[in-house]
Amino acid sequence: MAQHDSGHHDDHGHIQLEYQPSLPINNGKVILWLFLSTEIMFFSGLIGTYIVLRFGAPAGTWPHPHDVHVVEKVGAFNTFVLICSSLSIVLALEAARSNKTSLAKLWFGLTFFLATVFLGVKAYEYNSKFQHGIYPKKPRSQIYEKADIYYVSAVRKQLNDMVTKWQSEETELSTSDNAKQELQKEQQTVTTRRDELQGKSVRSPEEDEELKQQKSRLKEIVSELRAAESSAASLAATSDDRKTRLQVAERLLHDFAGWTERTAAKTDDESDYDRVKRQAAMEILAYQVYPLHRDAHAVNEYLNWEDADRGDETRQLAAERDGLFDALPLVKEALQTQEASMISGDGTPPPPPANLSPEALVALERVVAINARMDQITAREESLDEFFAVRYDDANHTFQHTGHGEEHEADWHGLNEDYTWLKLPMKIPSGNMWASTYFLLTGFHALHVVVGLIVFACIIPLKLDATRANMIENTGLYWHFVDLVWIFLFPLLYLF
């Protein structure tokens with residue numbers, strides 16, 4: 001019995017205890033999961049805020065993807081690229097665990113390449129937004145939330161600034177020859193006086209000082225001539241393009257922005273009809289600059305409305321003018337004499353004939369005003385035909401070309417697209433909020449992609465064998481998180 005007890009105690013004396021960690025994962029993975037948990041909360045807050053803003057916006061105001069140049073196919077391609085990169089990093093991990101270092105490096109390099117492609121596509125998308133004036137800026141980029149008098153004023157101011165700038169450049173170009181001739185004459189005079197002073201064998205101190213001044217002035221003239229010739233050459237090289245732009249900007253200023261501002265500023269009658277008409281006039285300007293398809297029916301209705309109003313006003317003005325001519329025949333004769341004199345002269349109207357009675361003078365002034373108004377109506381109609389290249393066909397639910405429409409593509413995108421140098425303010429309801437949220441979400445996601453690229457670049461030069469498996473696995477977990485975030489962002493930003 002004693003021997004049995006002794007043997008029993010010997011067996012217990014050889015028991016080996018092994019330490020088992022509470023979690024069967026290494027410390028690096030624990031730290032990574034803690035980091036990813038904070039990132040999940042961060043992006044959950046961003047995405048949740050976007051959802052609240054998106055679905056809390058007034059009905060029908062949040063921009064559709066094509067309103068802000070978001071192309072679903074491009075986003076889908078980028079999603080496919082990220083999914084492929086997640087697959088390639090998993091294959092790199094499996095190859096490293098099997099000690100296939102070359103294959104592991106190949107898959108890891110492919111992951112790096114696909115991440116670079118993703119960023120390249122994002123840069124292309126960002127550039128598309130920037131070119132169309134869509135970017136976050138305080139208080140706004142080129143985006144206005146609604147077509148109101150402030151929007152119309154901004155369009156008119158920008159067109160007016162363009163016209164003023166190009167007119168001054170044309171004036172500078174036309175006067176540059178005279179300026180150069182004046183400098184050349186002064187150069188000849190200064191050179192003659194310099195040579196005269198230098199030819200003297202004995203000069204007084206005053207003449208020495210004058211000679212020094214003449215030489216200094218001669219250097220200044222040469223420098224001014226070079227600058228004038230360079231400026232004139234630069235202005236002359238862009239003259240044809242500038243004249244074309246100036247012609248377009250002037251017509252848009254007078255026949256669109258000016259017309260709209262005059263229409264919207266009328267306050268003599270505050271009836272519901274006139275308020276609706278003024279608002280419609282501002283909407284048509286906004287649609288002309290940057291068309292939103294949701295407004296197509298309303299714009300088409302206003303165009304038909306304006307056509308009818310222009311026709312009614314033209315008939316009323318013509319009837320009033322004919323009535324004045326019938327009542328006072330001398331008025332028509334005086335008007336014809338004035339027009340003939342203006343055509344043959346310098347365009348300045350001559351004084352009215354002395355044989356007109358006070359009543360006839362008043363009638364003549366009214367007829368001149370009627371003709372000026374009819375000229376404005378005609379110019380407006382011609383500009384609508386020329387610049388408003390398409391009209392919406394309610395019957396076929398398609399856009400139909402009008403006027404010079406054969407010069408435009410069927411998918412018309414407005415003046416800012418037809419004339420890329422315009423960059424006029426545009427109306428996009430909730431556009432500034434959309435731009436802020438879009439660039440915030442995609443910008444933070446792109447920043448995480450950049451961090452992933454830096455990690456990839458640090459790991460690629462290493463020997464990717466089984467000893468590096470944990471490192472590759474942790475990197476892969478981070479990259480899967482980046483991919484998962486984009487899976488949420490893609491439908492939110494591109495499909496809704």
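Glu-196 has a relative accessibility of 43%, so it counts as partly exposed. The model described here is a predicted one. In this model, the side chain of Glu-196 meets that of Arg-193 in a salt bridge, with 3.0 Å from N to O. Arg-193 also counts as partly exposed, at 24% relative accessibility.

An α-helix has 3.6 residues a turn, so residues three or four places apart point the same way. Side chains of opposite charge can pair when their charged atoms come close.

## The protein as a whole

The protein contains 14 helices and 4 strands. Of its 496 residues, 40% are buried.

Among contacts with a separation of 6 or more, 79% are between residues 24 or more positions apart.

Helix H5 covers residues 149–198, which makes 50 residues. At 1.5 Å a residue, H5 should span 74 Å, and the 68 Å between its end C-alpha atoms agrees with that.

Helix H7 runs over residues 239–264 and has 26 residues. From first C-alpha to last, H7 reaches 35 Å, which is close to the expected 38 Å. Where does H7 bend? The bend is at Leu-253, and its angle is about 35°.

Trp-434 is one of the residues of helix H13. Is Trp-434 buried or exposed? Its relative accessible area is 2%, and the cut-off for buried is under 20%, so Trp-434 is buried. Beyond its neighbours within four places in sequence, Trp-434 is in contact with Trp-62, Pro-63, Val-68, Val-70, Lys-129 and Ile-134. Trp-434 and Arg-54 are 380 residues apart along the chain, yet their C-alpha atoms are separated by 8.2 Å.

Helix H13 spans residues 431–459 and also holds Ile-454. Ile-454 is part of a nonpolar patch on the surface, together with Leu-447, Val-450, Val-451 and Val-455. Together these residues have about 380 Å² of accessible area.

## Salt bridges between and within parts of the chain

How many salt bridges does the count come to? The total is 22. One of them joins Glu-473 and Lys-29, whose closest N and O atoms are 2.8 Å apart. This pair links distant parts of the chain, since Glu-473 is in helix H14 (residues 469–495) and Lys-29 is in helix H2, 444 residues away. Lys-29 has a relative accessible area of 13%, so it is buried.

Arg-217 and Glu-224 form another salt bridge, in which the closest N and O atoms are 3.4 Å apart. Arg-217 is partly exposed, with a relative accessible area of 22%. Glu-224 counts as partly exposed too, at 35% relative accessibility. Some salt bridges share partners: Lys-29, Glu-94, Arg-97 and Glu-473 are joined in this way into one network.

## Two loop residues with positive phi

His-69 is not a glycine, but its phi is positive, near 60°. The residue lies in the loop that runs between helix H2 (27–56) and helix H3 (72–97). Its relative accessibility is 18%, so His-69 counts as buried.

Lys-423 also has a positive phi without being a glycine, with a value of about 50°. Lys-423 has a relative accessible area of 38%, so it is partly exposed.

Definitions and conventions. Residues are numbered from 1 along each chain as its sequence is written. This is a predicted model: local features need pLDDT of at least 70, side-chain atom pairs count only at pLDDT 80 or more; totals for chains, interfaces and linings use all residues. Side-chain values use heavy atoms; hydrogens and water are left out. Buried means under 20% relative accessible area, exposed over 50%, partly exposed in between (1.4 Å probe, protein chains only). Contact means heavy atoms within 4.5 Å. Patches are made of residues with over 30% relative accessible area and no salt bridge: like charges are joined within 9 Å, nonpolar side chains (Val, Leu, Ile, Met, Phe, Trp, Tyr) within 5 Å. Accessible areas come from the Shrake-Rupley method with a 1.4 Å probe; for residues, only the protein chains shown count as cover. A salt bridge is a side-chain nitrogen of Lys or Arg within 4 Å of a carboxyl oxygen of Asp or Glu. The expected span of a helix is 1.5 Å times one less than its number of residues. The bend at a residue is the angle between axes fitted to the seven residues ending there and the seven starting there.
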